[in-house]
Amino acid sequence: LAVQIATILRGKNRHEYTPHVDTGDYVIVVNCEKVRFTGTKLETKKYTWYTRYPGGQKHATAKDLMQTHPDRILREAVRRMVPRTPLGRQQMTKLKIFAGPAHNHQAQQPQEFKPVP
């Protein structure tokens, strides 16, 4: 899922793709709390972040994040697939993730994307 989202955000699915230009589309993801991990990744995969305070390095397992902030897991997976430049940060602003089935972007008339199996 994260690979397909990153491809659309970067615009690689379009014929006018240019690496240094933002040609991607907006992506709205709903029901991200239904994301599943294979194997024992739910218990063993760790996420680490730093709060910018002394001694502020925090750790959480995927299971803990799924209970509190399920959108952060998918957002982090996609963020690691886009360029680590100002262009990549701009492309990440076009990603909208919602834990439930409801979202507030109906006015933009989003189209459902059928993923390739």
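Student: How many nonpolar, polar and charged residues are in the lining of the largest pocket?

Tutor: This is a predicted model, in which local features need pLDDT of at least 70 and side-chain atom pairs count only at pLDDT 80 or more, while totals for chains, interfaces and linings use all residues. Residues are numbered from 1 along each chain as its sequence is written, and side-chain values use heavy atoms, with hydrogens and water left out. Taking Ala, Val, Leu, Ile, Met, Phe, Trp, Tyr, Cys and Pro as nonpolar, Asp, Glu, Lys and Arg as charged, and the others, Gly among them, as polar, the lining divides into eleven nonpolar, seven polar and three charged residues.

Student: Which elements give two or more residues to the lining of the largest pocket?

Tutor: A pocket here is an open set of points on a 1 Å grid over the protein atoms alone, where a 1.4 Å probe fits, with protein on both sides within 12 Å along at least five of seven lines, and lining residues have an atom within 4 Å of a point. The largest pocket holds about 730 Å³, a volume being the space filled by probe spheres set on the points, which are joined across faces, edges and corners. Its lining comprises 21 residues, of which Val27, Ile28, Gln111, Glu112 and Phe113 are the closest to the centre. With helices (H or I, at least four residues) and strands (E, at least two) taken as DSSP runs numbered from the N terminus, the elements asked for are helix 1 (2–10) and strand 1 (27–29).

Student: What pattern does the chain follow along the sequence?

Tutor: The chain contains five helices and four strands. Read in sequence order, these elements give α-β-α-β-β-α-α-α-β.
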